[in-house]
Amino acid sequence: MKAYSWIAAVAVTVVLVSIRLAYPTDRKGHDGGPSGAFSYSRDAQVASVQKKVKAVVERYQDGLNSSDFSKIRPLFADNAIAEWNKKATAIGVDTMAKPYDDLFRSIKFNTDFQYDAVDEYGDIAIVRTHHAVGQTEFHLKDGSRTLDFNREIFVLRRTEGDWKIILYTFTTQPRQGEQ
């Protein structure tokens with residue numbers, strides 16, 4: 001009986017240690033935001049790339065929140081694609097200027113991307129984000145606010161050492177803040 005108790009204790013310890021390694025409570029390396037699931041890799045080289053890629057998306061967020069396409073434009077590759085809900089696909093960064101300007105004339109954003117994943121595959125990276133519960137869009141025409149239910153995917157390519165967005169798309173998730 002003592003042998004079984006000892007084996008059970010070891011098994012429980014192994015499970016708890018595994019859970020602790022997979023989901024650290026100190027959240028060291030976690031940078032997903034309050035409701036994001038993303039944590040930097042424990043591999044320093046991978047984490048370095050993740051930080052560079054994430055910095056591009058953070059600059060995109062800054063341009064979005066400041067309603068400034070001139071901040072967003074250089075983050076996209078020349079032949080990038082933007083696909084938005086209920087809008088025509090924009091192919092090429094020059095084609096994106098009008099949809100962004102129209103958007104900024106109608107809505108003021110205060111977006112705080114919650115990061116769900118920042119994955120690198122050689123010269124390609126994929127970033128998944130969502131908007132936390134309670135985020136809103138401010139409608140300039142009538143002063144109203146609506147909940148912002150977006151989940152985004154950014155696909156980036158490393159070209160000559162720089163990361164550029166080659167595809168930006170989003171979907172609307174009716175249950176705000178879920179991944």
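Are tyrosine 60 and tyrosine 168 buried or exposed? Tyrosine 60 is buried, and tyrosine 168 is too. Buried here means under 20% relative accessible area, exposed means over 50%, and partly exposed lies in between (1.4 Å probe, protein chains only).

1. Basis. This is a predicted model, where local features need pLDDT of at least 70, side-chain atom pairs count only at pLDDT 80 or more, and totals for chains, interfaces and linings use all residues. Residues are numbered from 1 along each chain as its sequence is written, and side-chain values use heavy atoms, with hydrogens and water left out.

2. Strands. Helices (H or I, at least four residues) and strands (E, at least two) are DSSP runs, numbered from the N terminus. Two strands pair if DSSP finds at least two bridges between them. Strand β1 (residues 76–83) runs parallel to strand β9 (residues 162–172), with four bridges. Glutamate 83 faces threonine 169 in β9.

3. Hairpin. Strand β8 (residues 150–159) and β9 are antiparallel and share 10 bridges. Leucine 156 is opposite isoleucine 165 in β9. Two residues lie between the strands of this hairpin, and glutamate 160 has a positive phi near 50°.

4. Aromatic pairs. Rings of Phe, Tyr and Trp (its six-membered ring) pair if their centres lie within 6.5 Å; planes under 30 degrees apart count as stacked, over 60 as edge-to-face and the rest as tilted. The count is 13 aromatic pairs. Tyrosine 60 and tyrosine 100 are edge-to-face, because their ring centres are 6.3 Å apart and their planes stand at 75°. This pair links distant parts of the chain: tyrosine 60 belongs to helix α2 (residues 44–65) and tyrosine 100 to helix α4 (residues 93–106), 40 residues apart.

5. Tyrosine 60 has 1% relative accessibility, so it counts as buried. Tyrosine 100 also counts as buried, because its relative accessibility is 1%. Tyrosine 60 makes a tilted pair with tyrosine 168, at 5.1 Å between centres and 40° between planes. Here too distant parts of the chain are linked: helix α2 holds tyrosine 60 and strand β9 holds tyrosine 168, 108 residues apart.

6. Cluster. Ring pairs join a set of residues into a cluster, among them Tyr60, Trp84, Tyr100, Tyr115, Phe154 and Tyr168.

7. Charges over rings. A charge sits over a ring if NZ of Lys or CZ of Arg is within 6 Å of the ring centre and within 35 degrees of the ring normal. Lysine 54 lies over the face of tyrosine 115, 4.4 Å from the ring centre. Tyrosine 115 also belongs to the cluster. Lysine 51 lies over the face of tyrosine 40, 5.1 Å from the ring centre.
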